[in-house]
Number of protein chains: 2
Amino acid sequence: MGPGPINADPRVLRAMSAPLIGQYDPAMTAYMTETMELYREVFRTANQQTFLVDGTSRAGIEAALVSLIEPGDRVLVPVFGRFGHLLAEISERCGAEVHTVEVEWGQVFAPEQIEAAILDVRPKVLAIVQGDTATTMCQPLADLGEICARHDVLFYCDATASIAGNELATDDWGIDIVTAGLQKCLGGPSGSAPITISDRAAGVINGRKHIEAGIRTDDDPEVGRRIGSNYFDLAMIMDYWGEKRLNHHTEATSMLYGARECARLLAAEGIDAAVERHRLHGAAMLAGVQGLGMTVFGDVDHKMNNVVAVHIPDGIDGDAARASMLVDYGIEIGTSFGPLHGKVWRIGTMGFNARKDAVLLTLAALEQVLRAGGAPVTPGGGVGAAQEVYA
Amino acid sequence: MGPGPINADPRVLRAMSAPLIGQYDPAMTAYMTETMELYREVFRTANQQTFLVDGTSRAGIEAALVSLIEPGDRVLVPVFGRFGHLLAEISERCGAEVHTVEVEWGQVFAPEQIEAAILDVRPKVLAIVQGDTATTMCQPLADLGEICARHDVLFYCDATASIAGNELATDDWGIDIVTAGLQKCLGGPSGSAPITISDRAAGVINGRKHIEAGIRTDDDPEVGRRIGSNYFDLAMIMDYWGEKRLNHHTEATSMLYGARECARLLAAEGIDAAVERHRLHGAAMLAGVQGLGMTVFGDVDHKMNNVVAVHIPDGIDGDAARASMLVDYGIEIGTSFGPLHGKVWRIGTMGFNARKDAVLLTLAALEQVLRAGGAPVTPGGGVGAAQEVYA
């Protein structure tokens, strides 16, 4: 019940134990094509270029940024938690001139703040996370696409922590590239990074296509400035997933099976229903921790559905209490980074763990651990408040 | 029965369906530590820095090269097949001044040729593959470590295609970094890249350590030239796998389970026994294709144990015959790259497919397909010759 990675759906794990098939077996390429279509539903997009990057969510971020950014390009990163720093860090390593704007941890940006920064910086790329698990905040994005389009800025978003647990409308919101990971609300293991790329962004990336030595032919033009990474060269990866089936990496078959099953389960449930499920169980957990007498961190109106940060009560040893939750009750809750380290816990309700029994058990155990640690706690107050939400 | 990826061992797939645990759960960190120890056996090394990179084998290559190479560094790549071109390509993208020497496809280098090139180029890094599946050749490495040490060259080797199927002695041969993938003789799926790093190479990499923004503290010095990738920054990844457990990516738990099981099975069998198994079944397959009247490509004395390349007989449509093998008999054999495309097939006997029944069934089916295609073929000649090897 931490901020992710979380328990995978057992159906996803079962899918991952299926026998392997060759990477150009027609059954395999058909699975790849199906997976692209399923993730169009998850991302709410019609983008042809919707596929998987073989690595953790951070691999998806780096693939997007290194394929867009040429050394010297200006990139604007609004930072409202740790993962904004990560986008800035990766952009710097791609050679970008990075500009950041920041709000205090626990807050989000107003669209006007971001537009003002765009006018100031005139970036090629706006890079922002939707949900930052470090603070639990969910940045509103609906107005940013129009702002980016008006100022000719490419709009990149990391939705690893938020996707499928909070509304995300890639096309309606005009986002050029979105990347994610399986280990949060998608209900799978870390290790595969779904990505979707607009035609506009794909055009920018294909304007830098240099097919690698060893498989390049005389008919393959080399255009633009070569992308700084081979593994993350989205121009080549698009050709691997596309009709050319150009050899690049060897697709991680078991992870593909898992990623496909994550999306298949979500598509069967319906993306709106999945978001509503996260909203319901997140609301129950929020009411529950408040019912136990705990104080919630940050701007609750802009909290992600799938995670809540609570101040560690006075007198409680945060790490000892987390250890008791894990060892005595078999439930993991999260610690925090940076300025929140040692001050708040993060409790998730995401993916397979966005369930009533998981919420109620966590609250029941937390009550016992807080009591044992000497904190004032309302007997039954956590489970009772959650039950009221469910009622 | 292609050149990889191949059928994974069912025990590996079963291990991958185990429930997930949190990335800092003591059970998880214990698994990580066990996995490091198991891969020391596989790599035949005492290197502390032995772990997994979360991506396909190509991710391991890029992590090694981008962490070693600073822009302007000279890198020498002896090329004897497609994957030598890949090492050169990735090194170039890291900003290296790349020098290549080449032998004809189907041949390997003599140590003197490589030493002469080192004297000529004076590289910082020698980057070479052990086994190139494009040609099936296995480059002898035993003498190269001493040469590199004498000329103060860092010695990097990609052993993806060869490890566990052919002798590889990281420490005895003085190799500084070796990377691999699971999808060949290790018997697992693509998606995790085992790596081992000598103390000398780890020192070079840690001489460039810049902990990322967001988790860097004032106590963390920033030294040397920052590594050009965040995801592949081995200085940070070493801290993630080490005692500091510094947060970086979220370890791909299911792939870790799979990689651990691959190594556990090999350690139980014994690495020497695994190499001998690949030698035996590779010899049977070699005798078998010759017994069918086919001609083997390349220098057979330097062939990897685990794959053989055969000339497609005159009059046979290579792709149609491969399709018949797959559709009519459920057996995949490989096509080829570059100058060998359309001229040879590649047939593997590796990992879980290094088995007598797999060899005999493949030869029995191939005999039928060749006959149906109108090629002259010795009735029973393939299975018979293989049986003689087994006898």
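Biologist: What should I know before I start?

Modeller: This is a predicted model, in which local features need pLDDT of at least 70, side-chain atom pairs count only at pLDDT 80 or more, and totals for chains, interfaces and linings use all residues. Residues are numbered from 1 along each chain as its sequence is written, chains are lettered from A and ligands numbered from 1 in the order in which they are written, and side-chain values use heavy atoms, with hydrogens and water left out.

Biologist: Which residues of chain A does the UniProt annotation cover?

Modeller: The unreviewed UniProt entry places "domain: Aminotransferase class V" on residues 28-334 of chain A. UniProt positions are given in the numbering used here, feature names are shortened, and annotations may be inferred rather than shown by experiment. Over residues 28-334, chain A is 40% helix and 14% strand, with the end C-alpha atoms 38 Å apart. Helices (H or I, at least four residues) and strands (E, at least two) are DSSP runs, numbered from the N terminus.

Biologist: How do I read a sheet, and in what order do the strands of chain B come?

Modeller: Strands of a sheet pair through backbone hydrogen bonds, either parallel or antiparallel. Here two strands pair if DSSP finds at least two bridges between them. In chain B, seven strands form an open sheet with mixed pairing, in the order β1-β9-β8-β7-β4-β2-β3. Its edges are β1 (49-53) and β3 (97-102) of chain B, each with a single partner strand, so one side of each has no neighbour in the sheet. The twist from one strand to the next averages 20°.

Biologist: In which sense do β8 and β9 of chain B pair?

Modeller: Strand β8 (residues 177-179) and strand β9 (residues 193-197) of chain B are antiparallel, over three bridges. Within this pair, B:T179 stands opposite B:I195 in β9(B).

Biologist: And what is the strand order in chain A?

Modeller: Chain A has an open sheet of seven strands in the order β1-β9-β8-β7-β4-β2-β3, and the pairing is mixed. Strands β1 (49-53) and β3 (97-102) of chain A are its edges, each pairing on one side only.

Biologist: Which strands does helix α4 of chain B lie across?

Modeller: For such packing, contact means heavy atoms within 4.5 Å. Axes are lines fitted to C-alpha atoms, for helices over the stretch in contact, and angles run from 0 to 180 degrees between N-to-C directions. Helix α4 (residues 82-93) of chain B lies across β2 (74-79), β3, β4 (125-129) and β7 (154-158) of chain B, at about 165° to β2(B). Helix α5 (residues 111-121) of chain B lies across β2, β3 and β4 of chain B, at about 155° to β2(B). In chain A, helix α8 (residues 234-241) lies across β1 and β9, at about 105° to β1(A).

Biologist: Now the pockets: which residues lie nearest the centre of the largest pocket?

Modeller: Rolling a probe the size of a water molecule over the atoms shows where empty space is left. On a 1 Å grid over the protein atoms alone, with a 1.4 Å probe, a pocket is an open set of points with protein on both sides within 12 Å along at least five of seven lines, and lining residues have an atom within 4 Å of a point. Of the 49 lining residues of the largest pocket, A:Q23, A:Y24, A:N247, B:T335 and B:F337 lie nearest its centre. Helix α11(B) gives the most to this lining, with five residues.

Biologist: Which residues lie nearest the centre of the second largest pocket?

Modeller: They are A:F337, A:R346, B:Q23, B:Y24 and B:N247, from a lining of 44 residues. Helix α11(A) gives the most there, with four residues.
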